[in-house]
Amino acid sequence: MVLTAHEKFIDTKEIECLFTQGEKFSDRIHFVLPPVNNDVDVSGCAFAIRTVASDGGMTETVLDVQHEGEQILLTWNVPETVTAVPGMLQLELVGSRGTDVIIKYKMPAVYVKAAVMGDHLPSPDIIEEKLAQMNDILAQAQAKLDEAKNVALDIIDPTLTISGKAADAKVTGDRFTELTNAIENISSGGNIQEIIDARTSSISGEEFPSLSERLESDFSYLKKVMQAVEIISSYVLVDIERGDDTESEYYANDTLRITGVGSIEKREFMQREDFGNLEINIGGDVGEEAFYACANVNTVTVNCRKISNKAFYSCPNIRTLNIGKDVTEIGSEILWGILFEDIVRIAYDGTIAEWNAVTKATDWIYDKSMVKNGVVECTDGTVEV
């Protein structure tokens with residue numbers, strides 16, 4: 001399998017479903033790079049692949065480097081650590097000299113297919129892996145508990161709406177009370193780590209299938225706390241960035257909200273990974289490649305004048321695109337690099353007639369098979385992409 005770099009981008013479509021959980025060096029992938037990128041000589045670099053699995057685990061694999069004429073040929077023997085966990089796999093190719101990173105190549109995420117185990121019991125290393133995952137979940141839950149204990153009344157006011165935003169005062173107060181009660185229940189329930197130690201101190205193959213269910217029962221209170229924190233934190237504005245005639249607000253529920261009368265500039269938010277929900281309501285345009293390679297964005301709601309070429313290009317995790325009725329023009333290939341077919345729901349906040357009046361490039365969707373049911377959902381029906 002050979003993948004070729006185009007400037008600082010490598011298309012991974014050919015390997016998006018290549019890997020299967022638990023494989024050991026069964027796949028060998030070659031990368032072809034030019035020796036010079038934007039007048040920077042990369043021929044003397046050492047290269048490595050960095051991966052982030054769906055459980056957050058990271059690996060780094062050093063690649064074999066060969067020089068063939070005017071090209072650099074890299075070889076990646078994919079190790080078992082890369083395919084250990086099924087689900088989404090984020091990739092990044094990095095070239096460095098010593099401790100200095102010279103270049104990074106952005107690549108759309110790929111997918112590790114789950115292995116079929118049948119009726120066989122998991123091997124001891126799989127049990128250890130699953131226990132490590134459970135302990136990681138516990139650590140995340142404990143962090144949420146600590147976060148909940150530090151929530152201050154001057155940030156979450158039970159009598160007022162938060163920063164004048166959407167939260168209803170009574171709902172906010174009720175959630176805060178629920179959170180407080182849940183913390184008290186956990187605090188009186190003993191040491192959390194002692195519970196997990198007791199559950200995992202001696203595990204046999206027969207016990208393994210029911211372990212996760214028992215742990216879920218043990219941590220039911222903790223889950224309530226995590227849920228309450230998520231609900232309350234969604235009301236808390238954590239950061240604001242102001243630009244020319246636009247304002248970007250970051251919320252603790254993983255939301256970026258951009259408002260104003262101006263435009264979003266070309267590549268202004270490219271390769272950002274600090275938000276999953278994107279809400280745009282501006283008077284101007286969303287510029288070309290404005291959100292290029294934003295790996296974590298999942299839901300996009302956009303109301304503007306024009307969605308420019310490749311605005312959400314190489315955002316592999318987009319599942320919902322809501323288009324406002326103020327949009328009058330849509331450029332080419334605004335979506336590209338989605339991992340699976342028939343998965344992105346596109347909705348338009350207007351009628352079929354209004355949608356047909358929008359000026360659209362013939363290739364406004366790079367690959368129509370990625371669109372759920374192959375249609376745009378309008379307020380009075382659907383229309384084919």
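## Strands, cysteines and one buried threonine

In this predicted model, four strands form an open sheet in the order E17-E19-E22-E25, with parallel pairing. Strand E17 (285-286) and strand E25 (359-360) stand at the edges of this sheet, and each has a single partner strand, so one side of each is left without a neighbour in the sheet. Within the sheet, strand E22 (residues 329-330) is joined to E25 by 2 bridges, the two strands running parallel, and Glu329 has Thr359 in E25 as its bridge partner.

Other pairings involve strand E4 (residues 28-33), which is joined by 3 bridges to strand E1 (residues 2-6) in a parallel arrangement, with Val2 standing opposite His30 of E4. Strand E4 is also joined to strand E10 (residues 71-77), here by 6 bridges and in an antiparallel arrangement, and Ile29 has Trp76 in E10 as its bridge partner. The table sets out these strand pairs.

| Strand pair | Bridges | Direction |
|---|---|---|
| E22 and E25 | 2 bridges | parallel |
| E1 and E4 | 3 bridges | parallel |
| E4 and E10 | 6 bridges | antiparallel |

Thr246 lies in strand E14, which covers residues 246-251, and this residue is buried, with a relative accessible area of 10%. Apart from neighbours within four places in sequence, Thr246 is in contact with Glu241, Ile258, Thr259, Gly260, Gly262, Ser263 and Ile282.

The cysteines can be considered next. A disulfide is a covalent bond between the sulfur atoms of two cysteines, and the structure holds 0 disulfides. For Cys315, the closest cysteine sulfur is that of Cys294, at 5.0 Å, which is too far for a bond because a disulfide requires the sulfur atoms to be within 2.5 Å. Cys315 counts as buried, at 1% relative accessibility, whereas Cys17 counts as partly exposed, at 33%.

Turning to the protein as a whole, the secondary structure comes to 6 helices and 27 strands. Of its 385 residues, 42% count as buried, and the protein exposes about 19600 Å², of which carbon and sulfur atoms supply 48%. Among the contacts in the protein with a separation of 6 or more, residues 24 or more positions apart account for 51%.

Methods
Residues are numbered from 1 along each chain as its sequence is written. This is a predicted model: local features need pLDDT of at least 70, side-chain atom pairs count only at pLDDT 80 or more; totals for chains, interfaces and linings use all residues. Side-chain values use heavy atoms; hydrogens and water are left out. Buried means under 20% relative accessible area, exposed over 50%, partly exposed in between (1.4 Å probe, protein chains only). Contact means heavy atoms within 4.5 Å. Two strands pair if DSSP finds at least two bridges between them. Accessible areas come from the Shrake-Rupley method with a 1.4 Å probe; for residues, only the protein chains shown count as cover.
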